[in-house]
Amino acid sequence: MMKLAILSTAVATTAAFAPSNSPRVGVNLRMSEVESSAEQPDFSPTEMNAFSESSTGSSAVAASINGWVADESLPCFGLPGAIAPTGFFDPLGFAQKGISLNEVKRNREAEVMHGRVAMVAAVGYLAGESISGPFSIVGPANDQLQQMPAPAFALLTVTIAAMELKRATIGWVEPDFGSWSKTLWKLRDNYYPGDVGFDPLGLKPTDAEEFANMQTREIQNGRLAMIGVAGMCAQELVNHRSIMETLTFYQKVYSGVNPYEACGDTIIC
């Protein structure tokens with residue numbers, strides 16, 4: 001019951017980062033002459049998304065990717081991901097003025113993909129330590145990778161490499177070894193960061209606003225997962241206990257029970 005309660009609390013906490021489903025006003029993708037002559041305003045989370053269902057003009061339609069049109073007048077070129085109360089939060093300046101569109105897209109690609117890996121890892125930490133795997137792997141998740149048989153580890157490595165190479169062929173421009181500086185780290189102009197075309201459940205919305213909302217939810221949950229997985233990894237490196245064992249340990253501590261009374265002469269129990 002304790003494990004179920006903890007898992008339910010984690011899910012509820014993660015869901016709190018999802019944005020509201022309240023109607024949003026379409027964003028004007030171009031600033032007027034009056035706006036451009038004024039001081040740069042403080043953008044609200046709604047104003048920072050360059051998604052619009054009513055985009056007009058052939059150039060806007062041609063440049064649209066999943067309903068997003070890069071707008072250099074907006075923070076992060078109008079990519080979704082900002083929510084209240086912080087709004088656009090970039091203390092280290094990864095998306096400050098002067099950063100190129102390709103650099104912003106590449107940083108967003110890294111953020112989205114690492115967030116997805118972290119969300120899977122967060123589930124893997126809890127499930128891997130609670131359920132016996134096919135190779136009788138036990139103990140904290142940090143210590144489980146080296147317990148894999150060599151063939152299984154090799155297969156895992158090849159699978160990850162193949163997936164990364166496939167993603168590179170989808171999102172990145174082919175390298176030009178005659179002029180490598182022009183194509184190094186360059187993403188395709190028609191590539192939306194993180195959209196590798198893998199959607200077996202058909203969850204990707206066709207509506208621009210709904211897509212922006214889903215992207216915001218994914219990014220926020222991915223950010224939370226990256227922080228959470230870093231914490232779980234650090235905790236297991238420090239005390240060499242699984243997540244649930246650590247929770248049980250501190251449950252005894254705060255209940256006034258000596259967690260070491262049944263340990264005998266061992267250090268970890």
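Predicted model: local features only at pLDDT ≥ 70, side-chain atom pairs only at ≥ 80, totals over all residues.

Trainee: Where is His 240 placed?

Mentor: In the loop between H7 and helix H8, which spans 243-254. The backbone deserves a look there. Phi of His 240 is near 55°, a positive value in a residue other than glycine.

Trainee: What about Leu 74, where is that?

Mentor: Leu 74 is also a loop residue, between helix H3 (58-63) and H4. Leu 74 counts as buried, at 9% relative accessibility. Leu 74 and Lys 97 are 23 residues apart in sequence, and their C-alpha atoms are 9.6 Å apart in space.

Trainee: Which peptide bond is cis?

Mentor: The one from Ala 84 to Pro 85, with omega near 5°. Pro 85 belongs to the loop between H3 and H4.

Trainee: Let's step back. How many helices and strands does the chain have?

Mentor: Eight helices and zero strands. Read from the N terminus, the elements go α-α-α-α-α-α-α-α.

Trainee: How much of the chain counts as buried?

Mentor: 29% of the 269 residues. Contacts are worth checking as well. Take those between residues at least 6 apart in sequence: 64% of them join residues at least 24 apart.

Trainee: Now the salt bridges. How many does the structure hold?

Mentor: Eight. One of them pairs Arg 106 with Glu 103, with the closest N and O atoms 3.1 Å apart.

Trainee: Why are Arg 106 and Glu 103 about one helical turn apart?

Mentor: Because they are three residues apart in helix H4, residues 101-130. Arg 106 has a relative accessible area of 21%, and Glu 103 has 28%.

Trainee: Which residue does Glu 111 form a salt bridge with?

Mentor: Arg 223, with the closest N and O atoms 2.5 Å apart. Glu 111 lies in helix H4 and Arg 223 in helix H7 (residues 208-239), so this pair ties together parts 112 residues apart in sequence.

Trainee: How accessible are Glu 111 and Arg 223?

Mentor: Glu 111 is partly exposed at 23% relative accessibility. Arg 223 is partly exposed too, with a relative accessible area of 26%.

Trainee: And Arg 116, what is its salt-bridge partner?

Mentor: Glu 218, with 2.5 Å between the closest N and O atoms. This pair links distant parts of the chain, with Arg 116 in helix H4 and Glu 218 in helix H7, 102 residues apart. Arg 116 counts as partly exposed at 23% relative accessibility. Glu 218 does as well, at 21%.

Trainee: OK, on to the helix packing. What do I use to describe two packed helices?

Mentor: The angle between their axes and the distance between the axes. For H4 and H7, the axes come within 7 Å and cross at roughly 50°. H4 and H7 are therefore oblique to each other.

Trainee: Is the crossing left-handed or right-handed?

Mentor: Left-handed, as H4 passes H7.

Trainee: Which residues make the contact?

Mentor: From H4, they include Val 112, Gly 115, Ala 118, Met 119, Ala 122 and Tyr 125. From H7, they include Ile 219, Gly 222, Ala 225, Met 226, Val 229 and Met 232. The salt-bridge residues Glu 111 and Arg 223 are in the contact as well.

Trainee: How do the contact residues divide into nonpolar, polar and charged?

Mentor: For H4 with H7, 12 are nonpolar, four polar and seven charged. Among the residues of the contact are Arg 116 and Glu 218, the pair we met as a salt bridge.

Conventions:
Residues numbered from 1 in each chain as written. Heavy atoms only, no water. Salt bridge = Lys/Arg side-chain N within 4 Å of Asp/Glu carboxyl O. Helix = DSSP H or I, 4+ residues; strand = E, 2+ residues; numbered from the N terminus. Buried < 20%, exposed > 50% of the residue type's maximum accessible area, 1.4 Å probe, protein only. Axes fitted to C-alpha atoms, helices over the stretch in contact; angles between N-to-C directions. Parallel < 35°, antiparallel > 145°, perpendicular 65-115°, else oblique. Left-handed = near helix turned anticlockwise from the far one by under 90°. Contact = heavy atoms within 4.5 Å. Nonpolar A, V, L, I, M, F, W, Y, C, P; charged D, E, K, R; others polar.
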